[in-house]
Amino acid sequence: MAVIRDVMAPFELLQPTTAADAQKLLEQHGADAWAMAGGLDTFDWLKDRIRKPKVVVDLSGVGELKGVRETGDGIEIGAMTTLTQVVNHPIVREKYSLLSQGAELAASPQIRNQGTIGGNVSQDARCWYYRAGWPCYRAGGNICYADTPTGRNREHAILHAERCVAVNPSDSAPALIALDAKFVIRTPKGERVVDAEDYFIGPEIDITRLHILKPGDLLTAIRIPATWAGAQFYFEKVRDRNVWDFALLNVASAMVVSSGRIERMRIAVNGAAARPLRLKAVEDAVRGKPPSAETGAMAGRLAVEGAVPLQFNAYKIPLMRNLVKRAIGGVEEAKWAPIVA
Amino acid sequence: MGANSGIVQWATSPWGQHVPIHIAWFLIWVAAIAGLAFFMVHAVYLRYFAKREEFAGSVSPELAARLPARIPRHSLVARMFHWIMAASMLTLLFTAFLPKVGFQFDWVTYHWIAGTVLTVSIVFHVIHASFWLDFWAIWPDRTDIEDAWKRVRRFMGQPAPPPRKFAKYPLENKLYHGAIMATGLSAIVTGVFMMFRVRTIFFPRNPYLFRDMTWGLMYVLHGLAGVGLIGLVMVHVYFAVRPEKLDITKSMIFGSMKREFYLEHYDPERWPVEPANLASTSSDKSRV
């Protein structure tokens, strides 16, 4: 399909200065409106002329959506706070370093200066068939071009694939799930607060969206409770190019260890499915066990149960198994054993 | 995405071909509103304008006296088929269209399971009706056509003798059966092929089974059959709950109807019922 690049279709630019106005404008224009945060995902779509919204609501002038604030129980991060601000914020670094680790591994410094935490968790799938404007399921069509015998699907889903096999590309999302964050959404019916893991949806629920935001909804803030502040964190991202790339898989975990045993844990992976997956079965299975390589190996096996590889992404199964293992047992203990002939 | 021209959504395939991908979803509302409009028009007509039905011929008191108090109409097997089909059909409609109107849930798995149940039940029904029931009872015959013409003329205020009473199934039932058969089979046949596009337990996925145009037309036909079934099922439920039809509805639950209802609406020559002393040993053939 011919794609005309770098020449955006005309649209009306609206630049509200309050969250209330922004939400009202999104509500007023409904499906014709496009909410733009940092613009990094947006301009791909617009310049490729695949998305042609009639109205773009630029959120960059909404001051109340920016910044990190301490609350009685943790912190609240405005959805328009840049990834760099999140990464460098002293409280985030001190108490919730899992998020700063995850956000710091997103893209490049320049992109993190412009990209926002709200945009990072709300960005669209990177499946190239979809991004190229092909009429796939996610674009409202009736086929997944990646899930065919000849489809290029090395980066695609191994779990919970349902017609569409695209994955969620966010690096901060699994960290926020592991930290038990809450997402604050301003909707036409009022404010709604959802658990981070419930913010994301798979194709079985809605094949055209990666999150629950509907036309007229605006993600305003992300709240992180103090529950996991200062816990033992682990974040690892595996990508093709370490300088700048989307994750093939990433893992984020928060663990509280007491008397050599895992007292409680939250763990999530992304890049394995269309939504970041919280691994509740793993969390339950490791509770009360030592954070050892053995426990990690058991957890890794459990994590990939039900995984179905596509033509070119079978590597993701051992990769995910090992990432989960390392998140629990640590990297040193998870070294490869020598092959015995 | 492609253009929405009329009742079909179109897209451009990666090979530059203009292909249909599915129906325009506003047709869901068209079908639902058409069904509701039918209810209202029909209910108002019956309440304020319809004349009492008048039939030719009469049943001899001797024959009437020999009929059992309850006239067997649907065998247990036929009733089970009907309700299994109804449950699967409703599941199919709800799982297909609720997500399109804003109720999001994991619908695909339930949809293909319900479709499988429907397909199996329809195959069973075809075999059962062909070899164990009176196959032709549900197809319009010459008398139906003649009586329909008389009814049309009388409706238009033209002179015509009253029609005969009905066979086991009135012409409206037979036409409805034909419509539901056409739409249902369209949905089933296309649906079975569409199962090649998703992961099921039956066969491996094969999205290349057909060309894009063929797949697109299949999705469109499936969609058109689906929205057609919305209207047809609404009409069916409407008639099932109408007071004057309740005896028929109950017979689909309990298997039989009152003798008085039978004598009032049905012609014993066109739908013969065995006398009371033989009714208990009657064959399945008399109970379509």
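Student: At about what angle do helix H6 and helix H7 of chain B pack?
Tutor: This is a predicted model, in which local features need pLDDT of at least 70, side-chain atom pairs count only at pLDDT 80 or more, and totals for chains, interfaces and linings use all residues. Residues are numbered from 1 along each chain as its sequence is written, while chains are lettered from A and ligands numbered from 1 in the order in which they are written. Helices (H or I, at least four residues) and strands (E, at least two) are DSSP runs numbered from the N terminus, and axes are lines fitted to C-alpha atoms, for helices over the stretch in contact, with angles from 0 to 180 degrees between N-to-C directions. H6(B) (residues 171–194) and H7(B) (residues 212–241) have axes 8 Å apart, and their packing angle is about 140°.

Student: How is H6(B) oriented to H7(B)?
Tutor: Angles under 35 degrees count as roughly parallel, over 145 as roughly antiparallel, 65 to 115 as roughly perpendicular and the rest as oblique. The packing angle of about 140° therefore makes H6(B), relative to H7(B), oblique.

Student: How many charged residues does the contact of H6(B) with H7(B) have?
Tutor: Residues are in contact if their C-beta atoms, placed from the backbone, lie within 7 Å. H6(B) contributes residues including B:Ala179, B:Ile180 and B:Gly184, and H7(B) contributes residues including B:Leu221, B:His222 and B:Ala225. Ala, Val, Leu, Ile, Met, Phe, Trp, Tyr, Cys and Pro count as nonpolar, Asp, Glu, Lys and Arg as charged, and the others, Gly among them, as polar. The contact has 10 nonpolar and 8 polar residues, and the number of charged residues is none.

Student: How many residues of the side of chain B that touches chain A are nonpolar?
Tutor: In this contact, 18 residues of chain B meet 14 residues of chain A. Strand S2 (8–12), strand S3 (18–23) and H7 of chain B each supply at least two residues of that side. On the side of chain B, 5 residues are polar and 2 charged, while the nonpolar ones number 11.

Student: Which residue stands opposite A:Val184 in S7(A)?
Tutor: Strand S6 (residues 182–187) of chain A is joined to S7(A) by 6 bridges and runs antiparallel to it. The two strands form a hairpin with 2 residues between them. A:Thr187 has A:Gly190 as its bridge partner, and opposite A:Val184 stands A:Val193.

Student: How many residues of S7(A) are buried?
Tutor: A residue is buried if 20 or more other C-beta atoms, placed from the backbone, lie within 10 Å of its own, exposed if 12 or fewer, and partly exposed in between. Strand S7 (residues 190–195) of chain A is hardly covered: among its 6 residues, the buried count is 0.

Student: Is A:Ser259 buried or exposed?
Tutor: A:Ser259 lies in the loop between strand S10 (249–258) and strand S11 (261–270) of chain A. Although not a glycine, A:Ser259 has a positive phi of about 50°. Because 6 other C-beta atoms lie within 10 Å, A:Ser259 is exposed.

Terms used. Pairing = 2+ DSSP bridges. Contact = placed C-beta atoms within 7 Å.
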